[in-house]
Amino acid sequence: MEEPRTNEKHLIRKSRTCSSRALKIEIPVDTLLSTVTLRGCLHVFGEELASHIGSPEMWDAILDVGQHILNLLKTTLVVHDDQIGILYETVADIYEKREEWSTAAEKLTAIPLESGQSSFSNDYRLHIYLRIAALYLEEGDPYRAETFTTRATVLVTETQDAQLKLKFKVQNARVMDAQCNFEGACRRYLELSYIIPDEEARQMALTQAVNCAVLSPAGKARSRHLASLYKDERTRHLPSSDLLASMYFGRIVRKPELSLFASQLEQHQRALTSDNIPLLDRAVLQHNVLAANEIYHNISFEELGLLLEVSSEKAEEIVAQLMTEDRLQGTIDQVEGRVYFANAGNSIAERDVRIAEICNHVNRISHLIHETTDTSF
């Protein structure tokens with residue numbers, strides 16, 4: 001016996017008229033409808049709900065109806081993955097517009113992406129994981145965001161979607177940045193500054209690369225990043241170009257030079273360290289100690305404190321930390337209150353040797369030019 005056909009749009013339209021009274025809505029999800037009919041009904045229903053997201057006055061009704069339908073679907077024996085995904089995304093869209101980031105992320109997390117019976121494509125799963133990560137970043141929770149970028153890592157190797165690959169790289173850089181892993185974030189932002197199609201977005205990525213390089217812990221890795229960025233012609237037009245040059249050349253950086261740079265930092269980049277020092281101040285203090293290493297063979301902590309504009313005790317603490325982390329070579333004489341730099345003057349001596357070599361080359365070239373000129377006449 002042929003099953004009677006059901007007008008799916010009529011069912012949806014009838015349900016939508018009761019959208020403000022979700023508890024009275026009864027979408028027919030029982031066995032009276034075929035699986036195909038129910039799937040079509042849910043698909044149209046999801047699209048109808050999504051079409052009203054642009055109307056804030058409808059948000060409460062959409063949330064009530066959407067959540068009610070999702071609850072009803074839990075009682076069905078047949079899985080309707082695509083329709084469930086649309087409904088959860090619609091609900092999450094509204095919470096996102098209300099800037100309820102964590103709630104929006106939780107709604108997307110409820111999509112059964114890892115269920116053994118689910119039929120979601122890898123690209124769809126990747127899309128949802130990246131969206132959840134972005135929402136947790138907005139919430140200020142980079143460690144929960146990292147959980148979903150880690151899940152996305154496996155899927156991104158299998159996708160051919162260039163847009164999803166780019167989104168993954170952006171989220172990965174943002175997570176590292178938010179976790180204060182500035183060295184890793186700098187490397188990824190610099191890569192993004194070359195591959196993002198939009199010019200303005202590339203400029204933002206380059207700016208963030210410079211920010212992260214400056215905020216990175218002093219050491220060889222940071223020096224490499226500073227060198228790469230300073231030699232990049234695009235950084236000449238950034239507001240932070242002067243500070244970048246000072247750090248690249250190992251100059252002592254004074255506080256007045258930091259005001260313009262500090263104003264463009266993100267909120268999390270202005271956070272305080274465990275000893276109640278701003279991240280930027282810590283990075284500059286460490287940089288200045290290494291800059292002093294290039295100038296002095298040894299220096300008292302009292303003089304170093306004056307140079308760093310901190311107390312002698314704080315200067316000794318910074319030096320000790322850098323030595324402990326193997327980012328500075330030298331010895332501390334606590335009796336004299338003095339630090340002896342192991343590499344002091346080495347770089348200056350090397351520069352003197354190179355300058356002498358260049359001068360000798362110039363002299364030889366000049367001599368050859370004169371010989372050639374005399375011979376020609």
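Which loop holds E99? E99 sits in the loop between α4 and α5 (101-109). The views below come from a predicted model, in which local features need pLDDT of at least 70, side-chain atom pairs count only at pLDDT 80 or more, and totals for chains, interfaces and linings use all residues. Residues are numbered from 1 along each chain as its sequence is written, and side-chain values use heavy atoms, with hydrogens and water left out.

View 1. Most residues other than glycine have a negative phi. E99 counts as exposed, at 54% relative accessibility. N276 belongs to the loop between α13 and α14 (279-293). N276 is exposed because its relative accessibility is 58%. Helices here are DSSP runs (H or I, at least four residues), numbered from the N terminus.

**View 2. E89 on helix α4.** Helix α4 spans residues 81-97 and includes E89. E89 counts as buried because its relative accessible area is 16%. The side chains of E89 and R131 are joined by a polar contact of 3.2 Å. (A polar contact is a pair of N or O atoms within 3.5 Å; within protein, one must be able to donate a hydrogen and the other to accept it, and residues adjacent in sequence count only if both atoms are side-chain atoms.) Residues up to four places away in sequence aside, E89 touches L108, I111, Y124, H127, I128 and R131. Contact means heavy atoms within 4.5 Å.

**View 3. The largest nonpolar core.** This core has 40 residues. L108, I111, L113, L126, I128 and I132 touch the most other members. The elements giving two or more residues are α3 (59-73), α4, α5, α6 (122-139), α7 (142-156) and α8 (162-178). Helix α6 gives the most, with 10 residues. (A nonpolar core is a set of buried Ala, Val, Leu, Ile, Met, Phe, Trp, Tyr and Cys residues joined through side-chain atoms within 4.5 Å.) Beyond its neighbours within four places in sequence, L108 contacts Y88, E89, A92, I128, R131, I132 and L135. A second, separate core of 31 residues includes F182, L192, I196 and A209.

**View 4. The second largest pocket.** About 480 Å³ of space lies in this pocket. Its lining has 17 residues, and R174, Y189, M204, Q208 and E266 are the closest to its centre. Two or more lining residues come from each of α6, α8, α9 (182-195) and α10 (199-215). The largest share, five residues, is from α10. By class, the lining has nine nonpolar, four polar and four charged residues. (On a 1 Å grid over the protein atoms alone, a pocket is an open set of points where a 1.4 Å probe fits, with protein on both sides within 12 Å along at least five of seven lines; lining residues have an atom within 4 Å of a point.)

**View 5. A262 on helix α13.** Helix α13 covers residues 259-263. A262 is partly exposed because its relative accessible area is 26%. A262 touches R270 and L280, not counting residues up to four places away in sequence. A262 and L280 are 18 residues apart in sequence, and 7.6 Å apart in space, C-alpha to C-alpha.

Methods:
Buried means under 20% relative accessible area, exposed over 50%, partly exposed in between (1.4 Å probe, protein chains only). Grid points are joined across faces, edges and corners, and a volume is the space filled by probe spheres set on the points. Ala, Val, Leu, Ile, Met, Phe, Trp, Tyr, Cys and Pro count as nonpolar, Asp, Glu, Lys and Arg as charged, and the others, Gly among them, as polar.
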